[in-house]
Amino acid sequence: MSVRVVIGAQWGDEGKGKIVDLLSKQADIVARYQGGANAGHTLKFDDKTFVLHLIPSGIFHNHTICAIGNGTVIDPLALLDEIEAVRELGTDPKGRLFISETAHVILSYHKTLDQAREKSRGQQKIGTTGRGIGPAYIDKTSRTGVRMMDLLNEEVLTEKIRNNVDNINIILEGLNHSEKISADPIIEEMLDCGKKLEPYIIDTGDLLYEKFRQNKGILLEGAQGSLLDIDHGTYPYVTSSSPTSGGACTGTGLPPTSITHVMGIAKAYCTRVGNGPFPTELENDEGELIRKTGHEFGATTGRPRRCGWLDLVALKYAVRINGLNELTITKLDVLDHFEEVKLCTDYKIEDNTTRKFPLDIQTLKKAKPIYKTFKGWKKDTRDVSSYNGLPDEVQTYLSFIEDYLEVKIAIVSTGPARKETILV
């Protein structure tokens, strides 16, 4: 059996949730390896739409075990709400959902600090969701974080939160945030969460390794996208963790040698939420048409996404840093009504033409896309069930992507529903 990592190959929002849900049907275990409740994976089946934030997308397959790995940061209150929402849809996660005991906890003061810092940045805002993700990862790397296992130990939890609150109140005062945080309500709330979540909290690294030794099918699910990686993304307009394939190992405890497939998910166009350079952004009627047709508004925040043509320079960079050996193209149907569709094949930066994705943010801001234009297909692709059934213009478009990236397309998604999927 395989260990497959599913990677967002752009700036997030690529439709990973649907693809993980699809692949979960053949998987024994699905594990989320980084990020927090700032991500939203939208699933549509049985005429229902559901957005998952922390629980892996495989939860709706009754045979699949789901794990939230050590690389994630968890808001216990949000997780309990999500567990209850899954139950209301007729699926009981108990016995199939497991949470890493060493995953770090997002507390209310992380959200307060996140929002206060973003406000203090003025015109230099990052575009954070304000859900406390960054401050929680800061506590993790500064070795002052609260972990899930701490919710089960009142003495340890109390000491950590009291120490952290004292320090955070000093920081908030410096950010002109007048209201002080009190430790006692947070401690009480988290002890209550610990009691409710205790049946789910285990050593998920051990669980995953045992499944690997038993040759079970394992699917590792990331949040956000490669270009938001803290090390390899468009820094500082990035997330606080590693959505790339390297993060799958550190975020689960599985060894790199266990991974057999690395699948990249990319839309047939590009989107980005928040600030940061976006070379192919369309600030015109075409961009607005993509946004409206693709319903490009954040699953978690509702924020409108910036839209543009597919950037193959950036996507080729994602292929390299992740070692992608499979590709999925999603939301192809959004382009069904365009007279022409375009692919960015090169950047023009001042007097130079390049296919290298620049990591210097000031250089990337100067990058002007050079496009190859394709004839639009002007046909509905949502009801097409096979690759050969796609219009010739679509096949030409997809073949060019494959040749440019040197990666085979394995799946084409033509809509949000499970059935609107073509296996190549």
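Predicted model: local features only at pLDDT ≥ 70, side-chain atom pairs only at ≥ 80, totals over all residues.
Helix H3, residues 108-120, and helix H4, residues 133-141, have axes that come within 7 Å and cross at roughly 115 degrees. H3 and H4 are therefore roughly perpendicular to each other, and their crossing is right-handed. On the H3 side the contact is made by Tyr 109, His 110, Leu 113, Asp 114 and Arg 117, while H4 contributes Ile 133, Pro 135, Ala 136, Ile 138 and Asp 139. Sorted by class, the residues of this contact are 6 nonpolar, 1 polar and 3 charged.

From this pair of helices we can turn to the sheet.

Where do the side chains of its residues point, and are they buried or exposed? Ile 218 and Leu 220 point one way from E10, Leu 219 and Glu 221 point the other way, and all of them are buried. The neighbours of E10 can be traced through its pairings. Strand E1, residues 3-8, pairs with E10 in the parallel sense over 4 bridges, and here Val 6 has Glu 221 of E10 as its bridge partner. Strand E2, residues 29-32, also pairs with E10 in the parallel sense over 4 bridges, and in this case the partner of Ile 29 is Ile 218 of E10.

Further along the sheet, strand E11, residues 261-267, is joined by 5 bridges to E14, and these two strands run parallel. In this pairing Ala 266 stands opposite Ile 329 of E14. Strand E14, residues 326-330, is in turn joined to E18 by 3 bridges, again with the strands running parallel, and Thr 328 has Ile 411 of E18 as its bridge partner. Strand E18, residues 409-413, is mostly covered, for 4 of its 5 residues are buried. How do E18 and strand E19 run, parallel or antiparallel? Strand E19, residues 421-423, is joined to E18 by 3 bridges, and the two run antiparallel, with Ile 422 of E19 as the bridge partner of Val 412.

Helix H6, residues 183-197, brings us back to the packing of helices. The axes of helix H2, residues 76-88, and H6 come within 10 Å and cross at roughly 40 degrees, which makes H2 oblique to H6. H2 passes H6 in a left-handed crossing. The residues that meet are Pro 76, Leu 77, Leu 79, Leu 80 and Ile 83 in H2, and Glu 189, Met 190, Cys 193, Lys 196 and Leu 197 in H6. Of the residues in this contact, 8 are nonpolar, none is polar and 2 are charged.

Helix H5, residues 154-174, is another partner of H6: their axes come within 10 Å and cross at roughly 145 degrees, and H5 passes H6 in a right-handed crossing. In H5, Glu 154, Leu 157, Thr 158, Ile 161, Arg 162 and Val 165 meet Ala 183, Asp 184, Ile 186, Ile 187, Met 190 and Leu 191 in H6. The contact of H5 with H6 divides by class into 8 nonpolar, 1 polar and 3 charged residues. Met 190 of H6 is listed both in the contact with H2 and in the contact with H5.

Thr 91 lies in the loop between H2 and strand E7, residues 97-100. Is Thr 91 buried or exposed? Because its relative accessibility is 9%, and buried means under 20%, Thr 91 counts as buried. Leaving aside residues up to four places away in sequence, Thr 91 touches Ile 59, Phe 60, Val 86 and Arg 96. Between Thr 91 and Asp 21 there are 14 Å in space, C-alpha to C-alpha, and the two are 70 residues apart in sequence.

Technical notes:
Residues numbered from 1 in each chain as written. Heavy atoms only, no water. Axes fitted to C-alpha atoms, helices over the stretch in contact; angles between N-to-C directions. Parallel < 35°, antiparallel > 145°, perpendicular 65-115°, else oblique. Left-handed = near helix turned anticlockwise from the far one by under 90°. Contact = heavy atoms within 4.5 Å. Nonpolar A, V, L, I, M, F, W, Y, C, P; charged D, E, K, R; others polar. Buried < 20%, exposed > 50% of the residue type's maximum accessible area, 1.4 Å probe, protein only. Pairing = 2+ DSSP bridges.
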